[in-house]
Amino acid sequence: MAQVEATTERIITAQPEDVFDALADYEGTRPKILSEHFSEFEVREGGDGEGTLVHWKLQATSKRIRDCLLEVTEPTDGQLVEKDRNSSMVTTWTVTPAGEGKARVVVSTVWNGAGGIGGFFEKTFAPKGLGRIYDEVLGKLAAQVEK
């Protein structure tokens, strides 16, 4: 099994702390910024950053639906890590300063891909598809915090 990785980033015109706080707010902001690819969103524990347990289904394609139960940690300042209890998938959100009043947000997801020909197609196409999904999420995040 090869590791598959999808990474997307965006510069947002807002203070990095405000962007991070919005991302870490699983009760309020997060449901507002998710794209139509996410369903059955539910905060099961916590709701604000470290210690949060959140559930959603991610429909990457018409046939590929991933049932996610994510544990949230904050290993360093400006970083949220979502580890899926149901798979090898780990998503890391990193918010850093990008000049005066701007933040760079990088979202990176890694998982153990399938083997064989299926794994080849997954490694080839899944990062692009997931990148498009997270680009939409980052656009909605920007709309929330740039107000």
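This is a predicted model: local features need pLDDT of at least 70, side-chain atom pairs count only at pLDDT 80 or more; totals for chains, interfaces and linings use all residues.
Figure 1. Phe38 and Trp56 are both buried. A search of the whole structure returns four aromatic pairs. Phe38 and Trp56 make an edge-to-face pair, with 5.4 Å from centre to centre and 90 degrees between the planes. Phe38 belongs to strand 2 (residues 38-45) and Trp56 to strand 3 (residues 53-59), so the pair ties together parts that lie 18 residues apart in sequence.

**Figure 2. Phe38 and Tyr134, a tilted ring pair.** The ring centres of Phe38 and Tyr134 are 6.4 Å apart and the planes stand at 55 degrees, so this pair counts as tilted. Tyr134 is in helix 3 (residues 116-145) and Phe38 in strand 2, so the contact ties together parts 96 residues apart in sequence. Phe38 and Tyr134 are both buried. Ring pairs join Phe38, Phe41, Trp56, Trp93 and Tyr134 into a cluster.

**Figure 3. Arginines over tryptophan rings, at Trp93 and Trp111.** Arg30 lies over the face of Trp93, 4.8 Å from the ring centre. Trp93 is also one of the residues in the ring cluster. Arg66 lies over the face of Trp111, at 5.7 Å from the ring centre.

**Figure 4. The salt bridge between Arg30 and Glu82.** The closest N and O atoms of Arg30 and Glu82 are 2.8 Å apart.

**Figure 5. The salt bridge between Arg10 and Asp135.** The count for the model comes to six salt bridges. In the one between Arg10 and Asp135, the closest N and O atoms are 3.3 Å apart. Arg10 in strand 1 (residues 3-12) and Asp135 in helix 3 are 125 residues apart, and the pair links these distant parts of the chain. Arg10 has a relative accessibility of 26% and therefore counts as partly exposed. Asp135 has a relative accessible area of 33%, so Asp135 is partly exposed.

**Figure 6. The salt bridge between Glu71 and Arg85.** The closest N and O atoms of Glu71 and Arg85 are 2.4 Å apart. Glu71 is in strand 4 (residues 65-73), and Arg85 is in the loop between strand 5 and strand 6 (90-97); the pair links these distant parts of the chain, 14 residues apart. Glu71, at 34% relative accessibility, counts as partly exposed. Arg85 is at 48% relative accessibility and so counts as partly exposed.

Notes: Residues are numbered from 1 along each chain as its sequence is written. Side-chain values use heavy atoms; hydrogens and water are left out. Rings of Phe, Tyr and Trp (its six-membered ring) pair if their centres lie within 6.5 Å; planes under 30 degrees apart count as stacked, over 60 as edge-to-face and the rest as tilted. Helices (H or I, at least four residues) and strands (E, at least two) are DSSP runs, numbered from the N terminus. Buried means under 20% relative accessible area, exposed over 50%, partly exposed in between (1.4 Å probe, protein chains only). A charge sits over a ring if NZ of Lys or CZ of Arg is within 6 Å of the ring centre and within 35 degrees of the ring normal. A salt bridge is a side-chain nitrogen of Lys or Arg within 4 Å of a carboxyl oxygen of Asp or Glu.
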